[in-house]
Every structure is written in C-alpha cells, then in structure tokens.
Amino acid sequence: RAPWLGLSLNELHQICGHDRYKTIWELIKDNLFLERFTRILAPAIANRGRGTLRDRVEGVWLALGGPACVEDQTDLEDAEIFLDQLERLEHAGNIDFAALGASLDKLYALPDVAAGDESLQVMTIHKAKGLEFDTVIVPGLDMSGGRDDPPLFLWKELVSPGEGMLLAPIKETGSDDDPAYEYLRRLERDAEDTEASRLLYVAATRAANRLHLLACGKCDEDGTIRIPHKRSLLARAWLVVEEVFSQTGLPPAAPEPAAPAAIFKLKRLSLSHALPFAPPPATWIAPEERRAEEQDIEFSWVGETARHVGTVVHRWLQRIADDELRGWDARRVASLLPQFTKELERRGVSIGELKRASEMVSRALIGTLADDRGRWILGKHPEARSELRMRVRSVAGVRTFVMDRVFRSSDGVRWVVDFKTSRHEGANIETFLDAERERYAAQLNAYAAALGQASRGLYFPLHSGWRAWWMDT
C-alpha cells in the first residue's frame, strides 16, 4: 500500500489470502511482480540480529526510494523522528511491538519546517502558558473529557495539622453508595471544575488582539438551546455566552434535503465582558535593539556544509541531553559515523564534502563528551529543557526563540546555554572565543530576558570552548 510499491487491497488479498499456513515472507519472496521489493528486503531479513534495527529499517526505506515519495522537508524530519524512536526502543536488534505501538500513539508530527515566520502554532492550553499571540483560536469548547473509571480508593488530607486523612474505598458491587466515598468524589469533581475554569482563563488571556472561542451548541426540537455538558469548558463560560447561543435559534428548514444548512454568525464578545476582571498584561524584557534571526547571525559567514554540520550536531546534542548522558561515550559516537553521513547527505551535503563533514560532527560530539564542562551542560539537572521554544512580544514585534539548553544548576542558578559550531584554525583560540562572545551577547541576553533573567553561556563543541557571563553583567 505504500507509495514505493503501491499494491491495492485486492492485490494484497490475492497474494496473501490464498494460503494461511505460510508466512508473509514465504508468500512474497517468489512473486515476480514483487521481485525488486523482495530483492531489497532479503538482505535485511537475512541479517536480522546483526547491527541495529534502525539501520536495517532505514536502509530498506532508502533503497526503496522512500525519501523520493515524501511531499516536503517536514515529512523527512518526521521520518527521522520515527527512526529515532525505533532506535530508543530496540534492544539487541529486537523490539517490543506493543511498546512501539504505545509510543507511536504519543509521537506527533512536526509543524511545517518551511513555514518561515512560524506565524501559526498549534498547541495545548497547558503548553501555551506564559506565551502571547496576536490571535488565539480555541476550538471545541463544547467537548467534554471521557469518563474515567472510579478509582479504587479516594483520600484527602485534613486541613488541621495532626488530624490525618480521610480515606474511603469504592463501594462493593451491589451495595449502597458509601457516603465518605461520594463526599470525596464530589470534592474531586469540584477541583476538576476549578481547574477547567483556570484553563479557560489561561487560554483567553493568551490573546493580545483577537480571541475566537468556538463551540457547537445543541437544540431541543422546539429550538430551545440545551445547557452544555457540565464537564466542558463551554459550561464554565455559560453564564456569559448563553444569550449569544439563544439568539441564533434553529436554522430555517432547508427546502431540499441536499441543500446546505444556514450558517449563523455569532455576536462577538469583548474580553472584558467574558471575564470577571481584566487580565494583567504580560510583560517581557526586550533586548536593547532588534537583531536578525539567530540562524541568520550564526551562518551568514559560513557555507552550506558548515550550516548542515551545525544542524546535525545540535540534533545529537539534544539526544544526548535527553538521555542524560546514559550510554554515551566516544565509542558509541564513532559507531554512528555512517548515520551522520546519511543525515548530512539527506540535507544536501555534496559527496566530496561528506567524509570531512561527518568527521566534524563526530569530533564535536566526542569532544563534548570528553569535556567536563560539556558533560555538565548535557547532564541531569532540575528544570532541564533542550530546544526550548519561546515566543516573545516586545516593542520591536514578535520573535520566536529556540534555546539549545536551559536548566537550573545544583546551586540554584538558572542557565541558558547556546551551542555554537563555529570553527577556528590556528592559534589565538581565546581571542576567537572572546570575539564570539561579543558576537552572540545580544542573542543570549534576549534569551535570558525572556526567561526572567538567567546566567548565559556559549559552548563550542569543536573546541570544548566556553564563555559565560552572569545575570548582573
């Protein structure tokens, strides 16, 4: 069914449905129509248990022309995410398919990587906390969450010190409701309702200029609007919006069944009307002057190959940081040299530069792992985040920052660190690092301001170089 083969369901049935006692491989390996496919797949099957599963899957995908079948660059990045997940879950060349299925249910595609200014972002309300946008659209306010099974036990600590806690088990099947359990259940629902109201407030206050709250109301046969489900966000705002829904009424009867239903425009609600009090304005500390985007700064003086090397190094540094250094050493990095070559080739590095570029990636990662400072940056820390994306509004406009590494050190200091794959040949390396510090000072200062102040650091993997300045300098 995939585009590199393109069999129809009927063809698949003809191939695999006539002998239910044979394996799929036995059924297809002698099929002349599938000769090219089986010729590519056969070595991967013969070599199972040798090397990594990720390498075999990716090799088959490349040989079948998988990259030529994608629509855009985003699809290639999504394929890379899947292969990374496959590598994380495999053990000794095998994989637990149940675990893989469960992990893929939580794995989501990237937004369009070629979107440019990232003017459209889709995220949960929780993820939007602390951000601000010109226009916010919140769909599906009428939707309610699924019903959870009642928990086996409910408990609540009593307010007064030393009074212990109130604990109640679920009722026995067929018996009457337990008053203590029902009391705790009501307290739990009240807390959920309070949290839902807070979420609606968070969503509404992310908007700087325009807020669109979308919901679908239901009517009785006489046209009376129904009260929304009590577990929905729409129920939290019903006292304000009920009048709006009531004014729409039922759409007029369509003259023919095929005619489209009438569309009614809802009256716009002002933010001050919808909320019990005006939200406090978000305050951002902006850099002293507008700078160009970080990528333009970093790569304006180097060629395309160096830019791709930087991209690959950043991606693997993020992977190492996510693993908190567990299982990473120079030997493992050296074994990944063919993988670096594939990634660089896929990004367009010419054949003549592939060997040198992949060795540069390997050298940067090995040097970072061998350096105490590098290991400190990538190691386990409280509040650690890699590739932290933050959207900031200032008098100069809206900017999107992507911070390579943010964490709080053991002494309580928050750090924002950027990795720079700048390269310097010859002597005077300290002078070069000082110049780079001046070059990127405004960028790191803007990051720190967006975080509400933090200590800044620049780390240079190719030189194990480090430049830092503190919150008050």
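Residues are numbered from 1 along each chain as its sequence is written. Because the model is predicted, local features need pLDDT of at least 70 and side-chain atom pairs count only at pLDDT 80 or more, while totals for chains, interfaces and linings use all residues, and side-chain values use heavy atoms, with hydrogens and water left out.

**First stop: H3 and H4**

Select residues 35–46, helix H3, together with residues 53–63, helix H4; helices (H or I, at least four residues) and strands (E, at least two) are DSSP runs, numbered from the N terminus. The two axes come within 10 Å and cross at roughly 160°, where axes are lines fitted to C-alpha atoms, for helices over the stretch in contact, and angles run from 0 to 180 degrees between N-to-C directions. H3 and H4 are therefore roughly antiparallel to each other (under 35 degrees counts as roughly parallel, over 145 as roughly antiparallel, 65 to 115 as roughly perpendicular and the rest as oblique). Now show the side chains of Arg-36, Ile-40, Leu-41 and Ala-44 in H3, which meet Arg-56, Val-60 and Ala-63 in H4, contact meaning heavy atoms within 4.5 Å.

**Second stop: H5 and H6**

Move on to helix H5 (residues 73–89) and helix H6 (residues 97–105), whose axes cross at roughly 140° and come within 11 Å. This pair is therefore oblique. On the H5 side, select Phe-82, Gln-85, Leu-86 and Leu-89, and on the H6 side Ala-99, Leu-100, Ser-103 and Leu-104, which they meet.

Next select residues 337–346, helix H15, and residues 351–370, helix H16, which pack at an angle of about 125° with their axes 9 Å apart. H15 and H16 are therefore oblique to each other as well. Among the H15 residues in this contact are Leu-337 and Phe-340, and the H16 residues include Leu-354 and Leu-365.

**Last stop: the nonpolar cores**

Finally, select Met-390, Phe-401, Met-403, Val-416, Leu-444 and Leu-451, which touch the most other members of the largest nonpolar core, a group of 37 residues. Such a core is a set of buried Ala, Val, Leu, Ile, Met, Phe, Trp, Tyr and Cys residues joined through side-chain atoms within 4.5 Å, buried meaning under 20% relative accessible area (exposed is over 50%, partly exposed in between, with a 1.4 Å probe and protein chains only). Helix H18 gives the most to this core, with 9 residues. A second, separate core of 30 residues includes Val-312, Trp-316, Val-333 and Leu-369.
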